[in-house]
Amino acid sequence: MSLLDVDNISIRFGGLRALGDFSFKLEPGDLVGLIGPNGAGKTTAFNLVTGVYSPNEGTIRLAGEEIGGLGMAAINRLGIARTFQNIRLFGPMSVLDNVAVSIERCDSDGPFRHARCLIRSVARTTGFFSARSQTVDRAMHLLETLNLAHHARRPAASLPYGDQRRLEIARALATKPRVLCLDEPAAGMNPQEKMALTELIRGIREKFDVAIWLIEHDMKLVMNLCQRLTVLDHGQIIATGTPKEIQQNPKVIEAYLGEGAVH
């Protein structure tokens, strides 16, 4: 049984088929890339798997459990977390609180959790302070792992762009995912930041025992980082394989890479 098994999913917006017959498998510990031209359907595939959209056809299973059509919160609780092309942080809040909020959201213990939390918060009980202390400790551990601990008290919006990207990854990891979906994590980064990101992603896979699925346009990063690649064009898969196989695939060269685009 695959960790993530996507079988022939499709979605239409009006009369337009944005993604068709998309199939994909992710095994524990995988680090796999999804590439293709702008408008190829990459983010649509992410949106279907993470619950932003529901597929018109096909099935999505996480560890054998059907998740297609569930909402984002439910899928996140089951073990899939993601980042977005456009950074979505709570800008005025501190870096620490951005991560703490994600931890508190995932630590659900039943339908009356929020009411109990409110009562503890208002009463300032021992349980409240103990839970808060544990949350802060976990959040700081994540920030240390992503080299953001020295920014813990700063507003998230004040961080440099590359650090904001890392903070978004920290927030995703706070939900304890089995699958981490990264949507263009290197966007807007300079070459040095991209090199650091490459090592960070490798380290995250090992340290957190998480499978990683990423969309990225930086072909040097993708080819150096990913074990295998899926290539989309006009909502259809045109190739799958190792980075070396993809670089030599005539369909991919014609649709996306171009001759001599990657060295």
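Thr230 has its bridge partner in β10: Thr240. The strands involved are β9, residues 228–233, and β10, and they pair in the antiparallel sense over five bridges. The model is predicted. Strands of a sheet pair through backbone hydrogen bonds, either parallel or antiparallel.

Now widen the view to the sheet. Six strands form an open sheet with mixed pairing, in the order β6-β7-β8-β3-β9-β10. Its edge strands are β6 (80–82) and β10 (236–241), each pairing on one side only. Direction ignored, neighbouring strands are turned by 20° against each other on average.

Helices come next. Helix α1, residues 42–49, lies across β3 (31–35), β6, β7 (179–183), β8 (211–215) and β9. Against β8, α1 runs at about 145°. Helix α6 also packs on the sheet and touches β6 and β7. The direction of α6 makes about 155° with that of β7.

Take α6 on its own. It covers residues 161–173. At 1.5 Å a residue, its 13 residues should span 18 Å; the end C-alpha atoms are 19 Å apart, which agrees. Of these 13 residues, 12 are buried, so α6 is largely enclosed by the rest of the structure.

Finally, the whole protein. It has 10 helices and 10 strands. Buried residues make up 47% of its 263 residues. Among contacts between residues at least 6 apart in sequence, 66% join residues at least 24 apart. The accessible surface comes to about 12,700 Å², and 52% of it belongs to carbon and sulfur atoms.

Note on methods: Residues numbered from 1 in each chain as written. Predicted model: local features only at pLDDT ≥ 70, side-chain atom pairs only at ≥ 80, totals over all residues. Heavy atoms only, no water. Helix = DSSP H or I, 4+ residues; strand = E, 2+ residues; numbered from the N terminus. Expected span 1.5 Å × (residues − 1). Buried < 20%, exposed > 50% of the residue type's maximum accessible area, 1.4 Å probe, protein only. Contact = heavy atoms within 4.5 Å. Areas by Shrake-Rupley, 256 points an atom, 1.4 Å probe, with all protein chains shown as cover. Pairing = 2+ DSSP bridges. Axes fitted to C-alpha atoms, helices over the stretch in contact; angles between N-to-C directions.
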